[in-house]
Every structure is written in C-alpha cells, then in structure tokens.
Amino acid sequence: MPVREMTDHECMDCLSKGHFGHLACVKDGRPYIVPVHYAYGIDKMYVFSMPGQKIDWLRSNPHACLQMEERSDHGFWKSVVVQGQYHELPDSSEHHNERIHAWDLLQKRELWWEPGYLKPENNELTKSKPIFFGIVVDAISGRQTY
Ligand SMILES: Cc1cc2nc3c(=O)[nH]c(=O)nc-3n(C[C@H](O)[C@H](O)[C@H](O)COP(=O)(O)OP(=O)(O)OC[C@H]3O[C@@H](n4cnc5c(N)ncnc54)[C@H](O)[C@@H]3O)c2cc1C
C-alpha cells in the first residue's frame, strides 16, 4: 500500500476530526509520552490535565510533540505529527476567554474530563486544580496510505 505526504489542509482536517493522540515531552534529554485527548483549535491543540509529570516537564521545557492517527477498514491510515509549544492557561482574567474556549471545545466529547482527572489513588490530588493548556502549533506533517 503506497504512502504519500498530506497537505497542511489535510493534516488540519484529520486533527479536527480526531480527539485522541500521544503527547511527548522532554526533560534533561529524556523523552516521556502519554496518551491524551485533545480538542482542535486551529493553531492550538487544547488538553485538560491534572498536575503530574507531563505538566512538570512541559513547564520546564515547553517543546512538545503530539501525534494522532486515523485508521480505516482494509488497512488504510492517516498519521499527523504536530511540533509545538506548551502554553498553559491559568485560571486568571488574562486567560479567562481562552480557557472558556478550550472548555467549550473539549466538552463536546462526553466524559471529556475523566481520563485526565483520574490518577492512581492519591488524596493530595483531590486538592489540586485542573489545568488547561494548549500546544501551539509550530510545524505539522502528515502521511497517509492510498
Ligand atoms: C484513552 C486515554 C485518554 C487520556 N486522556 C487524557 C487527557 O485528556 N488528559 C490527561 O491529562 N490524561 C489523559 N490520559 C491519562 C494520561 O495518559 C496519563 O496517564 C495521565 O495524564 C497522567 O500523566 P502524568 O504525567 O501526570 O503522570 P503521573 O501521574 O505524574 O505519573 C507519572 C508516572 O506514571 C507513569 N504513567 C503516567 N501515565 C501513564 C500511562 N498512561 N501509562 C503508563 N504509565 C503512565 C509514568 O511513566 C511515570 O512513571 C488518558 C489516557 C488514556 C488511556
């Protein structure tokens, strides 16, 4: 099955139809990757999370990579890679509107908050505030079978 490069428009179309990917970050030369749900915001991918390793690492090094794929019957697939920058949306007046925008986009999916909220039992986490952030798109690439 041959593979071809996707155009930017095709990549964005694929990202907008999807909501699940793998988010990678790096600290001290070591990579870390976790599955996350995202919401597509044209030049930014929005994610909801609780505090933890990925947030700590992304705060210390904002370079991030998000990969998602779409698979269809008969082995056809599309895969998109976004290189970007971590941009946290604190609960402040400055970020209020964008936080609401991220919320609006994310809440279109049922139980959107659950996978980001759940952690192995840790009472301290119940006191933690949820975090909204965006991955600001620097570069995008995609490949697909045809
Ligand atoms: C389908 C799906 C959707 C998800 N959607 C989201 C989302 O939208 N937002 C979100 O924040 N999280 C989401 N998660 C959970 C996410 O993958 C992480 O497990 C979670 O965010 C905790 O990451 P952390 O860096 O805060 O880990 P911490 O709780 O700080 O724990 C760090 C340690 O746990 C290990 N660890 C953490 N997560 C995983 C994992 N998934 N698999 C194996 N080991 C792990 C690490 O290797 C590390 O040693 C989703 C998971 C799945 C499977």
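Me: Let's start with helix 1. Which of its residues are buried?
Reply: In helix 1 (residues 8-17), the buried ones are Cys11, Cys14 and Leu15. Viewed down the axis of helix 1, they fall within an arc of 100 degrees, so they line one face of the helix. Bear in mind that this is a predicted model.

Me: OK, and what's exposed on the other side of helix 1?
Reply: His9, Ser16 and Lys17 are exposed there.

Me: What do the buried residues of helix 1 pack against?
Reply: Four strands: strand 4, strand 6, strand 7 and strand 8.

Me: Now helix 2. Which residues are buried there?
Reply: Lys54, Trp57 and Leu58. They also line one face, because down the axis of helix 2 the buried residues fall within an arc of 95 degrees.

Me: And which strands do those pack against?
Reply: The buried residues of helix 2 pack against strand 2 (20-27), strand 3, strand 5, strand 6 (63-71) and strand 7 (77-89).

Me: Strand 5 is on that list. How many of its residues are buried?
Reply: 6 of its 6, so to speak a mostly covered strand. Lys44, Tyr46 and Phe48 point one way from strand 5, while Met45, Val47 and Ser49 point the other way, and all are buried.

Me: In what sense does strand 5 pair with strand 4?
Reply: Antiparallel: strand 4 (residues 39-40) and strand 5 are joined over 2 bridges. In strand 5, Tyr46 is the bridge partner of Ala39.

Me: What about the hairpin of strand 4 and strand 5, how many residues sit between the strands?
Reply: There are 3 residues between the strands, and in that hairpin Ile42 takes a positive phi near 65 degrees.

Me: How many bridges does strand 5 have with strand 8?
Reply: Strand 5 and strand 8 (residues 131-145) pair over 6 bridges, in the antiparallel sense. Val47 stands opposite Phe133 in strand 8.

Me: Zooming out, how many helices and strands does the protein chain have?
Reply: It has 4 helices and 8 strands. Going from the N terminus, the order of elements is β-α-β-β-β-β-α-β-β-α-α-β.

Me: Why does the radius of gyration agree with a compact globule?
Reply: Because a compact globule of 146 residues would have a radius of gyration near 15 Å, and the protein chain has 16 Å. Along the principal axes, the C-alpha atoms fill a box of roughly 50 × 35 × 30 Å.

Me: What share of the chain counts as buried?
Reply: 26% of the 146 residues. As for contacts in the protein chain between residues at least 6 apart in sequence, 72% of them join residues at least 24 apart.

Me: On to the ligand. Which residues come nearest?
Reply: Ser49, Gly52, Gln53, Pro115 and Gly116, out of 14 residues around the ligand. Strand 3 (30-37), strand 5 (44-49), helix 2 (53-60) and helix 4 (114-117) are the elements that give two or more residues to that shell.

Me: Which element gives the most to the shell?
Reply: Strand 3, with 4 residues.

Me: Last one: how does the shell around the ligand split by class?
Reply: The shell has 7 nonpolar, 5 polar and 2 charged residues.

Technical notes
Residues numbered from 1 in each chain as written. Predicted model: local features only at pLDDT ≥ 70, side-chain atom pairs only at ≥ 80, totals over all residues. Near = placed C-beta within 6 Å. Nonpolar A, V, L, I, M, F, W, Y, C, P; charged D, E, K, R; others polar. Buried ≥ 20, exposed ≤ 12 C-beta atoms within 10 Å, placed from the backbone. Pairing = 2+ DSSP bridges. Rg over C-alpha atoms; globule rule 2.2 N^0.38 Å. Contact = placed C-beta atoms within 7 Å. Arc of directions from axis to C-beta.
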